[in-house]
Amino acid sequence: WCFVDAGPRGIPGAIGVHGHNDVTSFELSMCGESVIVDSGMYSYSGSPKISFEMKSTFGHNLLIVDGEEISTTPFDLWVIGDEAKPMVLKKEFSKDYSVLEVGHLGYERLEKPIKVRRVFSVKKDTLEICDSAEGAQRDLRQLEIRLHTQLEPSIQGKDIILKGMNHTFRVSCPDNEFMPFFEETYLAESYGKMRNSGYVFGWRGNKCEMPWSGKYLFQVEGK
């Protein structure tokens, strides 16, 4: 299964209370294993710094432009800006093939506005994601695709290999100019309980000309 967040932030009318900065983020399970997760929430008031990081854009699975949060986030445990208004642009669901296209308006607040879109295509044992960014000017931007996992990652060429308990998963590189990375991070198993280990991985492109788009594929090795 694949779960996509394309809804409004937090409690309606409550300045983002109990919301995270995660519009268009997703979680993914394949072959009974959790492949992509978000960072969860360890504690709100017990550790404000960790709380802020976990609810931020960087604690979720998103395309990030120029190192910016998708909505403004004053250092407040409860407040998130309302710039990243969600959009559901297309949805088609069937037994054999499903497509969901979503987006948000968060980066249109920047001095040089950017439109971002994300298309999910599910077929059998594969998930394809196409991320895109488009601006009025053909300027160069820094782009980062940032994903979280509890599986052990490694880099093979420019692809990412995720080793699970019973399966190995390959995530293909979305752009030849992008460089893969992974690093340890903290993930909350549940409120008040931190996992022993977790990773953030993905790809970075430092000089990406607009418009840009890139596709990456999740698949089970050997299938």
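Student: What do the side chains of E183 and R204 meet in, and what is the N to O distance?
Tutor: The side chains of E183 and R204 meet in a salt bridge, with 4.0 Å from N to O; the term requires a side-chain nitrogen of Lys or Arg within 4 Å of a carboxyl oxygen of Asp or Glu, and the pair therefore qualifies. The pair links distant parts of the chain, with E183 in strand β13 (residues 179-184) and R204 in strand β16 (residues 199-209), 21 residues apart. Salt bridges that share partners join E144, R146, E183 and R204 into one network. The model is predicted: local features need pLDDT of at least 70 and side-chain atom pairs count only at pLDDT 80 or more, whereas totals for chains, interfaces and linings use all residues. Residues are numbered from 1 along each chain as its sequence is written, and side-chain values use heavy atoms, with hydrogens and water left out.

Student: How many salt bridges does a search of the whole structure find?
Tutor: The search of the whole structure finds 12 salt bridges. One of them joins R109 to E68, with the closest N and O atoms 3.6 Å apart. R109 lies in the loop between β6 (97-104) and β7 (114-123) and E68 in the loop between β4 (62-65) and β5 (86-92), so this pair ties together parts that are 41 residues apart in sequence. Strands here are DSSP runs (E, at least two residues), as helices are (H or I, at least four), and both are numbered from the N terminus. The chain has one helix and 17 strands in these terms. A salt bridge is also formed by D139 and R141, whose closest N and O atoms are 3.0 Å apart, and both D139 and R141 are buried.

Student: What makes D22 a residue without a salt bridge?
Tutor: D22 is buried, yet the nearest side chain of opposite charge, K55, is 10 Å away; Lys and Arg count as positive and Asp and Glu as negative, while His and the chain ends are not counted. D22 lies in the loop between β1 (2-4) and β2 (26-30). Leaving aside neighbours within four places in sequence, D22 is in contact (heavy atoms within 4.5 Å) with D5, H60, L62 and I70. The loop between β1 and β2 also holds T24, which has a positive phi of about 80° although it is not a glycine.

Student: How do you know how many disulfides there are?
Tutor: A disulfide is a pair of cysteine sulfur atoms within 2.5 Å, and by this rule the count comes to zero. The sulfur of C2 is 14 Å from the closest cysteine sulfur, in C31, which is too far for a bond. C173 is in no disulfide either, as the nearest cysteine sulfur, that of C208, is 11 Å away.

Student: Which residues touch the most other members of the largest nonpolar core?
Tutor: In this core of 41 residues they are F26, L147, W203 and F218; a nonpolar core is a set of buried Ala, Val, Leu, Ile, Met, Phe, Trp, Tyr and Cys residues joined through side-chain atoms within 4.5 Å. Not counting residues up to four places away in sequence, F26 touches several residues, including F3, I36, F120, L147 and F218.

Student: Why does the radius of gyration of the chain agree with that of a compact globule?
Tutor: With 223 residues, a compact globule would have a radius near 17 Å, and the chain has 17 Å, which agrees; the radius is taken over C-alpha atoms, and the globule rule is 2.2 Å times the number of residues to the power 0.38. Of the 223 residues, 48% count as buried. Among contacts between residues at least 6 apart in sequence, 62% join residues at least 24 apart.

Key:
Buried means under 20% relative accessible area, exposed over 50%, partly exposed in between (1.4 Å probe, protein chains only).
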